[in-house]
Amino acid sequence: MSETLGDRLRKARKRVGLSPRDLARESGVSYSLITKIEQGERQDTRWETLHRLARVLGTTTSALITGGSADRVGIPAAEPSGAWHEVGRALADTGSDVAEAPTVRGVRAAVDAVTREYRGGNFSGVATLLPQLIRDAHALADLAPEGAALRMRALTMAGRLLTQTRQYDLADQALTRALRQAPDARTAAAAVDLRCWLLLRRGHVDEVRELAVQWADDLEPRMSRATPTDLAMWGWLLLRAAAAAGRDNRPEEAAEALRLAHAAAVAVGRPHQLLDLGFIHTWSVGAVRMQRAEYAMVRDRPDEVLRLSAGVGVEQMSATNGSRNRHLLDVAHAQVRTRRYAKAVETLSAVHRDAPQWLPHQRYAQDIVRLLTERRRTLTPDMRRLAEAVRLPL
């Protein structure tokens, strides 16, 4: 029989000569949680918790989690609904038969409209528009030279939305098609970037490290000749590599990837967008700072998160920017960890106001609200509203 997470944790603990109470004291993870993991009573342990255990035990997080078996720790998939069935049917339809021949102008306008809806946080609107866009873009790819690039953008947008809403199997299907049909390496990088995000959400950090590092190495530009687009693409892949290495308890790898990403951002200078390649977020020094703050939260350094956040410049970002809002969740988590409960409620309430369709899909937000409510004897109306928004039973 294959080993479970609890089996591997127990063996690693015994190998370094620690009792469960010793491990609890040195890692900061509660004794009761450690015993529940070892006894197989907890199957939903967060990455941050396992990272702290792995650091004390002198192993990588992925080795502790997988041990060569299939079980993973990640954000669970959501049940598919009617809207996603339509997107799935469009992805499965490899023919180009549409009622009316699409035009480059029409498909480009549709891609731009879907991008605006996504950036505005209207996920239900994107889900409604995507099926026809995917079919039209696929048909156009056979009719016009520009069609392949537009099909790539339609597929990456589908992969982005499906990953965000935890429709993981469909996201994998969309990104596999995008990577296979990419007209060149530069546009393929958009699909690789999103695949790394999908794998991170599913808990496959070891695969993310390999994929991101491989593509970053292949695309590494010569700084003296590189265009802003080349540097930005390279930088995004380095941030994915840093995110995976940080979660996998590989601090040297994470630090080196962040150093190179920062160099790429400084070389670009001004914020740079890659919308024509399917990227939604803007490449900038702020993006690197947000990743540094996320890594600080993974290492359980809330004071460092709050210090780094002061230099991110979230006030200059769109209120519906997913990276910005993900960073604000790190800020809220750090505020809870440092007992700044009123500030945490204020931060979470602002995210809910700005991105009401985005927040319910964030398991991380639910964990933060749970931690907040557990630490307060009396819940305020704002706390109750946040619990309802993230679907946390009280």
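Where does Arg-340 lie? I looked it up and found Arg-340 in the loop between α17 and α18 (341-354). My helix names follow DSSP runs (H or I, at least four residues; strands would be E, at least two), numbered from the N terminus.

**Ground rules.** I am working with a predicted model, where local features need pLDDT of at least 70, side-chain atom pairs count only at pLDDT 80 or more, and totals for chains, interfaces and linings use all residues. Residues are numbered from 1 along each chain as its sequence is written, and side-chain values use heavy atoms, with hydrogens and water left out.

**Arg-340, continued.** I noted a relative accessible area of 42%, so Arg-340 is partly exposed (buried is under 20%, exposed over 50%, partly exposed in between, with a 1.4 Å probe and protein chains only). Not counting residues up to four places away in sequence, I see Arg-340 touching Asp-303, Leu-306 and Gln-335; contact here means heavy atoms within 4.5 Å. I also checked Arg-340 against Ala-113: their C-alpha atoms are separated by 40 Å, and they are 227 residues apart along the chain.

**Aromatic rings.** I describe a pair of aromatic rings by the distance of the centres and the angle of the planes. Rings of Phe, Tyr and Trp (its six-membered ring) pair if their centres lie within 6.5 Å; planes under 30 degrees apart are stacked, over 60 edge-to-face, and the rest tilted. By this rule I get 2 aromatic pairs. One of them is Tyr-118 with Phe-123, stacked at 5.5 Å centre to centre with 25 degrees between the planes. Tyr-118 is buried at 7% relative accessibility, and Phe-123 is buried at 4%. For Trp-236 and Trp-283 I find ring centres 5.3 Å apart and planes at 65 degrees, so this pair is edge-to-face. Trp-236 belongs to helix α13 (residues 228-247) and Trp-283 to the loop between α14 (251-268) and α15 (285-298), so the pair ties together parts that are 47 residues apart in sequence. I read 10% relative accessibility for Trp-236, which counts as buried, and 0% for Trp-283, also buried.

**Charges over rings.** My test asks for NZ of Lys or CZ of Arg within 6 Å of the ring centre and within 35 degrees of the ring normal. Arg-21 has its charged end over the ring of Tyr-31, 3.9 Å from the centre. Arg-299 lies over the face of Tyr-295, at 4.2 Å from the ring centre.

**The core.** A nonpolar core is a set of buried Ala, Val, Leu, Ile, Met, Phe, Trp, Tyr and Cys residues joined through side-chain atoms within 4.5 Å. Which residues touch the most other members of the largest nonpolar core? I found Leu-53, Leu-130, Leu-162 and Trp-283, out of 130 residues. Helix α13 gives the most to this core, with 13 residues. Leaving aside neighbours within four places in sequence, the contacts of Leu-53 include Leu-9, Val-29 and Leu-64.
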